[in-house]
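The entries below follow the order in which I went through them.

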Amino acid sequence: MTIQKPSIPKGTRDFSPVETARRNYLFDTVKSVFRRYGFQPLETPSMENLSTLLGKYGEEGDKLLFKVLNSGNFLKGIESEELLAAAESDNPVALGNRMCDKGLRYDLTVPFARYVVQHRNELVFPFKRYQIQPVWRADRPQKGRYREFYQCDVDVVGSESLLNEVELIRIVQDVFAALGIRVVLKINNRKILYGIAETIGHADKMTDITVAIDKLDKIGLDAVNEELAERGLSPEAIAALRPILELTGDNRAKLTAITAIIGEHSAIGLKGIEEVKTILDYTEKLGVTLPVELDLSLARGLNYYTGAIFEVKALDFPMGSICGGGRYDDLTGIFGLPDTSGVGISFGADRIYDVLLGLDLFPAETAQSVRALFVNFGGAEECDALKLLADVRQAGIAAEIYPEAVKMKKQFDYAQKRGIPYMIFVGETERAARVATVKNIVTGEQTPVPFGEIAAFLKQ
């Protein structure tokens with residue numbers, strides 16, 4: 001039999017017990033904040049119908065969908081000439097869609113919108129939900145970018161109030177304060193972007209403009225300008241856009257400047273400016289300490305956003321956006337429930353994990369799954385140790401006993417490698433006195449502890 005070298009697909013990862021414990025700490029921290037704000041948990045399937053996913057993320061997003069081949073003969077009804085033509089084509093997507101009617105979810109927002117419409121008669125609106133599940137994107141793996149990763153989403157649907165945007169900003173503040181990560185939240189509004197497109201004479205190129213400028217941080221302004229030219233913008237329009245993307249000053253100064261630029265060219269753009277002003281006013285009056293910056297180059301390339309958009313970046317660690325979201329006015333309309341506005345934000349768990357790890361912010365105890373190891377001496381001592389072990393566990397303390405009565409060094413090495421801080425000895429002398437010897441592996445200190453007080457000692 002040929003021995004196969006074990007491996008996993010690029011862009012995916014295994015998580016060791018220590019890594020899983022740290023991830024659970026992250027998830028628990030995020031969940032605790034979501035629950036405080038009244039959000040309810042929800043889960044949706046890993047697979048969605050391809051018709052649910054296609055066309056919601058723009059041309060770029062559609063290319064990154066993982067599609068699932070139909071069961072059975074997925075080539076049925078497809079002529080050999082079509083296969084040959086697709087093999088030679090630069091864009092065989094259409095044929096691929098005929099062989100697939102399902103796909104792995106690209107994000108949690110579109111499945112959420114589908115769920116809301118499908119279950120609208122069972123829900124109370126405004127409906128507030130949080131969702132922590134993996135998503136998949138057929139992207140090129142690189143630092144901070146994976147093909148399988150977790151998102152922690154929180155959304156409100158069925159309300160147009162800008163108080164929801166303010167609540168999301170406060171959630172961002174609370175989550176990252178709890179994790180100990182210093183961040184900045186950047187805000188813009190898609191209506192402002194549309195107003196800019198109208199002002200430079202290319203309202204018809206709104207999608208092209210947003211897709212291009214969304215890459216500004218990654219590829220730089222010159223490369224963005226080249227892409228805009230390739231997408232059909234005139235040199236005059238590109239020149240008019242440049243000073244807008246380079247606006248400096250505080251939020252008020254930027255709002256004043258963009259108001260003057262848009263002027264009477266765009267009523268929609270002015271509405272977006274007013275929405276941003278309202279949100280910023282609330283954050284100031286409520287004493288939000290999270291840095292909030294208006295960034296007119298922020299575009300959030302997903303097509304379904306219609307209002308306020310957000311991105312969050314860590315201040316002390318080089319990493320792309322670790323959190324993002326925005327307002328979508330009619331995403332549910334695609335599925336048959338029009339005029340139902342929603343807004344949400346997504347925390348990128350895997351990138352946040354990398355930031356926590358890079359800044360050494362995980363609490364030391366998250367890596368400790370077991371508090372104490374009972375040494376196994378065998379015989380009657382083993383039986384007494386098992387009874388005490390049961391008492392310790394009943395008190396809510398994670399503990400275990402070494403399964404064999406082997407040499408002490410082997411048991412000590414096991415505890416040390418597992419990161420177990422205490423070893424408990426119940427030998428012949430301890431049995432007679434009914435007092436266990438508890439050893440701190442880190443300091444080497446040994447403490448005599450009566451049998452009935454072991455749990456209390458370990459809780460110290």
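Which side chain does lysine 186 meet in a salt bridge? I found that its partner is glutamate 293, with N and O 3.5 Å apart; I count a salt bridge where a side-chain nitrogen of Lys or Arg is within 4 Å of a carboxyl oxygen of Asp or Glu. Lysine 186 belongs to strand S7 (residues 183-189) and glutamate 293 to strand S8, so this pair ties together parts 107 residues apart in sequence.

Before going on I noted the conditions: the model is predicted, local features need pLDDT of at least 70, side-chain atom pairs count only at pLDDT 80 or more, and totals for chains, interfaces and linings use all residues. Residues are numbered from 1 along each chain as its sequence is written, and side-chain values use heavy atoms, with hydrogens and water left out. Helices (H or I, at least four residues) and strands (E, at least two) are DSSP runs, numbered from the N terminus.

**Entry: salt bridges**

I then looked up the exposure of the first pair, taking buried as under 20% relative accessible area, exposed as over 50% and partly exposed as in between (1.4 Å probe, protein chains only). Lysine 186 counts as buried because its relative accessibility is 18%, and glutamate 293 counts as partly exposed because its value is 35%.

By the salt-bridge rule I have a count of 22. Another of them is between arginine 36 and aspartate 174, at 3.8 Å from N to O. This pair links distant parts of the chain, with arginine 36 in helix H1 (residues 17-36) and aspartate 174 in helix H7, 138 residues apart. Arginine 36 is exposed at 56% relative accessibility, whereas aspartate 174 is partly exposed at 22%.

I also looked at arginine 231 and glutamate 227, whose closest N and O atoms are 3.0 Å apart in their salt bridge, and both residues are buried. Through shared partners, salt bridges join Asp208, Lys215, Glu227 and Arg231 into one network.

**Entry: nonpolar cores**

I treated a nonpolar core as a set of buried Ala, Val, Leu, Ile, Met, Phe, Trp, Tyr and Cys residues joined through side-chain atoms within 4.5 Å. The largest such core has 100 residues, and Ile171, Phe176 and Phe347 have the most contacts inside it. Helix H7 (residues 163-179) supplies the largest share of this core, 8 residues. With contact meaning heavy atoms within 4.5 Å, and leaving out residues up to four places away in sequence, isoleucine 171 touches Val33, Phe34, Tyr37, Phe39, Val154 and Phe347.

There is a second, separate core of 20 residues, which includes Leu389, Ile397, Ala455 and Phe457. Valine 438 lies in strand S15 (residues 435-440) and is buried, with a relative accessible area of 1%. From valine 438 to isoleucine 262 I noted 73 Å, C-alpha to C-alpha, for 176 residues in sequence.

**Entry: glutamine 133**

Is glutamine 133 buried or exposed? Glutamine 133 counts as buried, at 9% relative accessibility, and its place is in strand S5 (residues 127-136). Its side chain reaches the backbone nitrogen of threonine 44 at 2.9 Å. Apart from neighbours within four places in sequence, the residues in contact with glutamine 133 include Leu42, Glu43, Arg105, Leu108 and Phe149.

**Entry: helix H8**

Helix H8 (residues 190-199) is mostly covered, as 7 of its 10 residues are buried, among them Ile192, Leu193 and Ile196. The elements covering these buried residues include S7, helix H9 (206-213), helix H12 (235-245) and strand S9 (308-314). At the start of H8, a side-chain oxygen of asparagine 189 comes to within 2.8 Å of the backbone nitrogen of lysine 191. After H8 comes glycine 201, whose phi is positive, near 85°.

Methods: Polar contact = N/O pair within 3.5 Å; in protein donor to acceptor, adjacent residues only side chain to side chain.
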